[in-house]
Amino acid sequence: MSKQHEVHTADGRIASTKKANKVGTAVIIGTTLEWFDFYLYASMAALVFGKVFFPSSNSSASTLAAFATFAVGFLARPFGGILFGILGDRIGRKAVLSISLLIMGIASGLIGLVPSYASIGVAAPVLLIVLRIFQGFGASAELGSAITVAYEHADEKTRGKYAAYPIMGAQIGLLAASLAVAAVTSLDDEALYTWGWRVPFIASFAIVFAGYWIRRAMPESEEFEQVATEARQRKGLHILRDLVRNNWRGLLAVAAVYGGYSALAYTFKTFSLSYLAEFQGVAKNVGALGVTFASIAAIIACPLVGRMVDRVDTRKVIISGAVGVALMAFPAFWLFDTGRPPLIWAVMIITTGILAPVIIIAASPYMARQFPTELRASGIGTGREVSGAIAGGLAPIAALTMVTLSPSHSTWGVSLLIIGCATLIIGGALFDQSRRIARPQHAPPPSVTAFAANSETG
């Protein structure tokens with residue numbers, strides 16, 4: 001090998017490394033900010049918003065009303081997932097990620113400024129719901145686009161490594177939010193319900209613009225740029241038509257895997273906080289600390305799981321994680337019912353700190369490979385957000401309703417719900433459709449028209 005060739009190769013590796021670092025930093029930081037805001041709302045809905053915005057003599061009813069506003073954000077997510085997914089396939093993944101960050105950050109900051117029900121009456125929960133809808137729109141564009149970007153900047157040997165980036169960012173966001181929640185819930189009730197809960201929301205104003213600046217410097221994926229000219233000429237309805245007509249099997253696979261995961265994640269991360277505080281008399285900061293410890297465990301686990309995904313069939317990893325969650329369905333609540341913080345924390349670490357990252361990191365490249373490049377962002381956005389909205393938004397409400405209506409506050413129904421979600425994940429993993437859209441690595445991406453014709457003929 002000549003010295004000139006060696007220098008050229010070295011320069012190429014340096015450039016590739018710099019590009020990878022930019023992508024990794026942009027994905028992790030942006031996703032961190034997004035999920036800090038999103039989980040912060042989920043925690044406050046479980047612990048604070050019932051009293052601040054829905055005062056009632058029945059604390060369980062107030063909490064249930066607050067959870068309903070949490071679900072409202074999920075109702076907006078299918079529309080946002082479809083809209084931003086189509087935009088991601090038309091104008092690029094980078095632009096959508098930047099837009100989503102601004103929407104989420106500004107809406108979250110404004111939530112911290114909404115007066116209480118005692119100050120302005122029914123206008124308070126109305127404003128909260130409106131801003132929650134905007135939060136839902138912002139969140140709908142985030143993880144799916146980040147998964148797409150990570151997948152398209154990786155090669156076959158680094159899919160798991162890159163898939164861990166957005167999940168690690170989400171876990172860092174969860175950690176930051178849980179620390180913030182643990183801090184403010186340690187205040188006395190008067191401080192918490194008047195100004196304490198507002199501080200982390202208002203902080204979103206200061207941090208969102210830093211994330212936006214970093215994302216604007218992120219490179220677009222070369223894989224998307226190869227189809228960008230044709231992609232920009234398509235209308236949104238044409239993209240959606242091609243997606244539903246030719247890739248409905250991939251949509252079902254993504255919907256099953258992510259719908260089951262979303263229901264599991266929010267049952268443990270939101271319902272469990274309310275269950276421990278309302279029905280077991282556990283201090284509010286105990287559950288928040290459990291999420292904190294789980295997030296630390298997940299941050300450590302993410303790169304390890306990413307390496308495992310690069311060596312093991314993603315379907316096997318997904319199924320193993322789902323089986324682990326199903327096995328914890330009943331023991332988790334037996335340990336919760338002891339009211340002992342170390343046992344509560346152990347459950348949170350095992351379920352949301354280890355098993356949940358195993359499922360979602362493996363699911364990220366799995367979901368991305370269900371669709372061709374020109375339909376990938378819209379495919380993931382549509383399949384993920386529609387199922388996630390239904391499952392993630394309704395699961396905590398269903399769990400809280402079952403426990404509230406039970407004379408003995410039994411959690412058997414919740415455990416069966418968790419097992420059902422794990423079964424859904426396994427079914428989605430077995431319904432892999434990647435072979436239907438796989439193309440040789442040396443072949444250039446076909447045109448949109450040719451792809452649609454080939455798909456229709458099988």
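F53 touches V114, P115, S116, Y117, A124, P125, L128 and W197 when residues up to four places away in sequence are not counted, a contact being heavy atoms within 4.5 Å. The model is predicted, so that local features need pLDDT of at least 70 and side-chain atom pairs count only at pLDDT 80 or more, while totals for chains, interfaces and linings use all residues. Residues are numbered from 1 along each chain as its sequence is written, and side-chain values use heavy atoms, with hydrogens and water left out.

F53 and W197 are also among the residues with the most contacts inside the largest nonpolar core, which has 125 residues; such a core is a set of buried Ala, Val, Leu, Ile, Met, Phe, Trp, Tyr and Cys residues joined through side-chain atoms within 4.5 Å, where buried means under 20% relative accessible area (1.4 Å probe, protein chains only). Helix α13 gives the most to this core, with 16 residues, helices being DSSP runs of H or I with at least four residues, numbered from the N terminus.

Helices α8 and α9 pack at an angle of about 25 degrees with their axes 8 Å apart, the axes being lines fitted to C-alpha atoms over the stretch in contact and the angles running from 0 to 180 degrees between N-to-C directions. They are therefore roughly parallel, a term for angles under 35 degrees.

| Helix | Range | Residues in the contact |
|---|---|---|
| α8 | residues 189-196 | T194, W195, G196 |
| α9 | residues 198-216 | R198, V199, P200 |

T411 lies in the loop between α18 (376-405) and α19 (412-430) and is buried, with a relative accessible area of 8%. Leaving aside neighbours within four places in sequence, T411 is in contact with Y275, F333 and V403.

Conventions. Buried < 20%, exposed > 50% of the residue type's maximum accessible area, 1.4 Å probe, protein only. Helix = DSSP H or I, 4+ residues; strand = E, 2+ residues; numbered from the N terminus. Parallel < 35°, antiparallel > 145°, perpendicular 65-115°, else oblique.
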